[in-house]
Amino acid sequence: MMPTAPLPEFTHERVSTVRGERSGLAITVALHSSAIGPALGGCRMWRYPQWIDGVADAMRLASAMTMKNALADIGAGGGKSVIALGPDDVVDDERRRAALLDLGELIETYDGRYRTAEDVGTTEHDMLVVRERTEHVVGLPAANGGAGEPAEGTALGVFVSIERVIEELFDSGSLVGRSFVISGLGQVGSRLAERLARAGAQLFVTDIADSKRGLAADLGATWIDVDAALTTPADVFVPAGLGGVLTPASIATLPVRAVVGPANNPLAYRSGAEHLAARGILYAPDFVVNAGGVIHLALTGDGASPAAIDARLRGIGDTLSEILCAARAKGVTPLAAAEALAVERVERARAASSLAALAG
């Protein structure tokens, strides 16, 4: 069976797909790299045309998590898990619980080399169910001693990244009067929209859920159709839903100066970074700007103070500035510069591990 989209290159340490004994659903855990430390990456529960598309998604997301975690400097490698729902699968509360228990048992076979958390389609309360079968889970509700909802940290990291990009484009980080199209008003997108509105930005927003119109009205934002998100002129396009929206066709007519958003893998193809650059559109790599969630989870788990966590979240802007500077100096895209820095950190950790093993 061929996936709807091509499978990514298999550079992973381990990829396991099982049919859940309880749920009957295809469940994948993809461990891309544990060179820096045990992998950290959330669990996505989503509908796919075929089960193998869930495998491909887990593999792509896992490799992106390696990059994200390396640049976030949290001592973690990259991995991801996916519970793949078919187009016609019905998932009631009982089957959902069954799938999460199946996931926990699969994670347990990784012997601590992969830790999960919430992601698209799952919640912090779902992680309590996963924990019934494995201790290798983070992002539990705060009431249960966990780090709680990481969306606020993600939104803050994207916000400071937007400020750096605006400064790069206009020599001032002020957002007053700057225009943004936000596609997706979920946990992160809605929080980001609120921050941007308070900063005086002009917002055009949309979401597949029509119920989000109320939030748009509360923020004084202009509601647009989902199909108009890629054709509405603005200073910045903010992808805040699912990935893959920046196709060659959409990039060719995208009427913005920059793309900065929390969505994972917004580029349908890696070459999209070059296509955006050719059109003079600044692209801030997703795995750099949306690292606030993993920083929040990792540092909270380590017992860091709120002030220390806030400082690290705001430091995402400094990391992005370093990457943009390197991209200019080397004449490459910000994506290439970010990947090079992340790979350098992973390879340094791998080399140190090899030396330690030889010495032992």
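Biologist: In what order do the 6 strands of the open sheet come?
Modeller: This is a predicted model. The order in the open sheet is E9-E8-E7-E10-E11-E12, with parallel pairing.

Biologist: Which strands stand at the edges?
Modeller: E9 and E12 (282-283) do. Each has a single partner strand, so one side of each has no neighbour in the sheet.

Biologist: Now E8. How many of its 5 residues are buried?
Modeller: In E8 (residues 202-206), 4 of the 5 are buried, so the strand is largely enclosed by the rest of the structure. Buried here means under 20% relative accessible area.

Biologist: How many bridges join E7 to E8?
Modeller: There are 5, and E7 (residues 179-183) runs parallel to E8. Serine 179 has glutamine 202 of E8 as its bridge partner, and serine 183 has threonine 206 of E8.

Biologist: And on the E9 side, what stands opposite valine 205?
Modeller: Tryptophan 223 in E9. E8 and E9 (residues 222-223) are parallel and joined by 2 bridges. To get from E8 to E9 the chain passes through helix H6 (residues 213-219), in a right-handed β-α-β crossover.

Biologist: Which helix goes with E7 and E8 in a β-α-β unit?
Modeller: Helix H5 (residues 187-198), and that unit is right-handed.

Biologist: Which strands does H5 lie across?
Modeller: E7, E8 and E10 (236-239). The angle between H5 and E7 is about 165°.

Conventions:
Residues are numbered from 1 along each chain as its sequence is written. This is a predicted model: local features need pLDDT of at least 70, side-chain atom pairs count only at pLDDT 80 or more; totals for chains, interfaces and linings use all residues. Side-chain values use heavy atoms; hydrogens and water are left out. Buried means under 20% relative accessible area, exposed over 50%, partly exposed in between (1.4 Å probe, protein chains only). Two strands pair if DSSP finds at least two bridges between them. A crossover is right-handed if, with the strands pointing away from the viewer, the path from the first strand over the helix to the second runs clockwise. Contact means heavy atoms within 4.5 Å. Axes are lines fitted to C-alpha atoms, for helices over the stretch in contact, and angles run from 0 to 180 degrees between N-to-C directions.
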